[in-house]
Protein chains: 2
Amino acid sequence: MIIKPWKILSSTCLQGNIRLDRCQLPSGLCIEKPILEYGNWVTVLALTENMEGVLIHQYRHGIQKIILELPGGMVDEGESPSEAARRELLEETGYHSERIVQIGCVSPNPDNHTNLIYSFLALDAKMVAAQRLDATEEINVVLKPLDDLIALAGSGGLLQSMQVSTLFFALVYLKRIA
Amino acid sequence: MIIKPWKILSSTCLQGNIRLDRCQLPSGLCIEKPILEYGNWVTVLALTENMEGVLIHQYRHGIQKIILELPGGMVDEGESPSEAARRELLEETGYHSERIVQIGCVSPNPDNHTNLIYSFLALDAKMVAAQRLDATEEINVVLKPLDDLIALAGSGGLLQSMQVSTLFFALVYLKRIA
């Protein structure tokens, strides 16, 4: 079968960055599809020289829970993903790395998100400053040895799928997958 | 710092399963937050007895591209995640496995999605039937050796973050992480 894209018949703004597309499918069927138009995001696995991951606790309103995450955020206007990764790491945790590399890129959800999220690995990360949080952020920093993080993620302790992806990319980069 | 949850001041339906919460943050700041209320999802890494992954190509309207994915979908009313995983695998690919295990569970995006996605590994998967697709689906099945899939995912060929997470959980389960 030749898979064909859908045809957008009309597109209206529902609210802010959410649009509603009326689409015609290859079968002829017409459906309405809400789409989230975000700019790109970054997420960073920062490891100290002792191979401890620099993690954060924060509240997430979609699931209404305080969870363990990797630092990250939005790529600002005029910024490269790499610059955004350094900035978010510094702002959210006070950590900085001279050895930051892009290790992957995925779609948060290709069904309803327009954007991509770039994964970075920051090696030899050091605390160099205090946190500088946005008005909407409350964040606690916590360090965990990489091996503990792998075990924790494997048993469901890293709930955000994009960050589990980042851990996968880091393990590929670090040649930890046999 | 004690991280506190946000207080929902009001909640209105924007469209279908999208609600708009007006929230008061611990700082006192009030913001509007769109939230996607989905039921839970499943995704399945099915491996044949030759350790080939059963993958699919399908169109995804968020990024308007045809991409390589793992099979999966929504957990129906009254169905367990495991039943949904078996059903989606069979419907989308025609493959069935007697050895299907839940290997992980993540949030698609804890910031704006309410639901969870359960990851399954299906071993010794065999083609037993023709596809039975929904009216909105056009899907091609493709087999790839697991090692090729790991390499492909590591270089960005598996774009959906929830499915990269599933691959990570499978590698933990199969003791492939050193």
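Guide: Buried area is the accessible area, taken with a 1.4 Å probe, that two parts lose on being put together, summed over both. With that in mind, and remembering that this is a predicted model, the area buried between chain A and chain B is about 5,900 Å², and carbon and sulfur atoms give 63% of it. A:Ile3, A:His61 and A:Glu138 supply 12% of the area that chain A buries against chain B, more than any other three residues.

Visitor: Which residues make up the contact, and what makes a residue of chain A part of it?

Guide: The cut-off for contact is heavy atoms within 4.5 Å, and the contact takes 73 residues from chain A and 74 residues from chain B. On the side of chain A that touches chain B, the residues divide into 45 nonpolar, 18 polar and 10 charged.

Visitor: Why are the two copies said to be related as by a two-fold rotation axis?

Guide: In general, two copies of a chain are related by a rotation about an axis and a shift along it. Here chain A can be laid on chain B by a turn of 180° and a shift of 0.0 Å along the axis, with an RMSD of 0.0 Å. The two copies are therefore related as by a two-fold rotation axis. The same surface serves both copies, since 100% of the contact residues of chain A recur in chain B.

Visitor: What makes the pair B:Asp111 and A:Arg60 a salt bridge?

Guide: The rule asks for a side-chain nitrogen of Lys or Arg within 4 Å of a carboxyl oxygen of Asp or Glu. For B:Asp111 and A:Arg60 the closest N and O atoms are 3.4 Å apart, and the pair therefore qualifies as a salt bridge. The count between chain A and chain B is two salt bridges, while the number of residue pairs in polar contact between these chains is 27, with both residues at pLDDT 80 or more. Several elements of chain A each supply at least two residues of the side that touches chain B, including strand E1 (7-15), strand E2 (18-24) and helix H2 (146-154). The largest share of that side, nine residues, comes from H3(A).

Visitor: Why is A:Asp21 called buried, and what does its side chain contact?

Guide: Buried means under 20% relative accessible area, and A:Asp21, at 0% relative accessibility, therefore counts as buried. A:Asp21 is found in strand E2 of chain A. The side chain of A:Asp21 makes a polar contact with the side chain of A:Ser11 at 2.6 Å, and another with the side chain of B:His61 at 2.8 Å; the limit for such a pair of N or O atoms is 3.5 Å.

Visitor: How do you know that B:Asp76 and B:Arg87 tie together separate parts of chain B?

Guide: The closest N and O atoms of B:Asp76 and B:Arg87 are 3.4 Å apart, and the two form a salt bridge. B:Asp76 lies in the loop between strand E7 (72-74) and helix H1 (81-93) of chain B, whereas B:Arg87 lies in helix H1 of chain B, so the pair ties together parts that are 11 residues apart in sequence. B:Asp76 counts as partly exposed because its relative accessibility is 38%, whereas B:Arg87 is buried, with a relative accessible area of 18%. The side chains of B:Glu88 and B:Arg87 also meet in a salt bridge, at 3.2 Å from N to O, and B:Glu88 is buried, with a relative accessible area of 6%. In chain A, salt bridges that share partners join A:Asp76, A:Glu79, A:Arg87, A:Glu88 and A:Glu91 into one network.

Note on methods:
Residues are numbered from 1 along each chain as its sequence is written. Chains are lettered from A and ligands numbered from 1 in the order in which they are written. This is a predicted model: local features need pLDDT of at least 70, side-chain atom pairs count only at pLDDT 80 or more; totals for chains, interfaces and linings use all residues. Side-chain values use heavy atoms; hydrogens and water are left out. A polar contact is a pair of N or O atoms within 3.5 Å; within protein, one must be able to donate a hydrogen and the other to accept it, and residues adjacent in sequence count only if both atoms are side-chain atoms. Helices (H or I, at least four residues) and strands (E, at least two) are DSSP runs, numbered from the N terminus. Ala, Val, Leu, Ile, Met, Phe, Trp, Tyr, Cys and Pro count as nonpolar, Asp, Glu, Lys and Arg as charged, and the others, Gly among them, as polar. Copies are superposed by least squares on the C-alpha atoms of residues with pLDDT of at least 70 in both. Buried means under 20% relative accessible area, exposed over 50%, partly exposed in between (1.4 Å probe, protein chains only).
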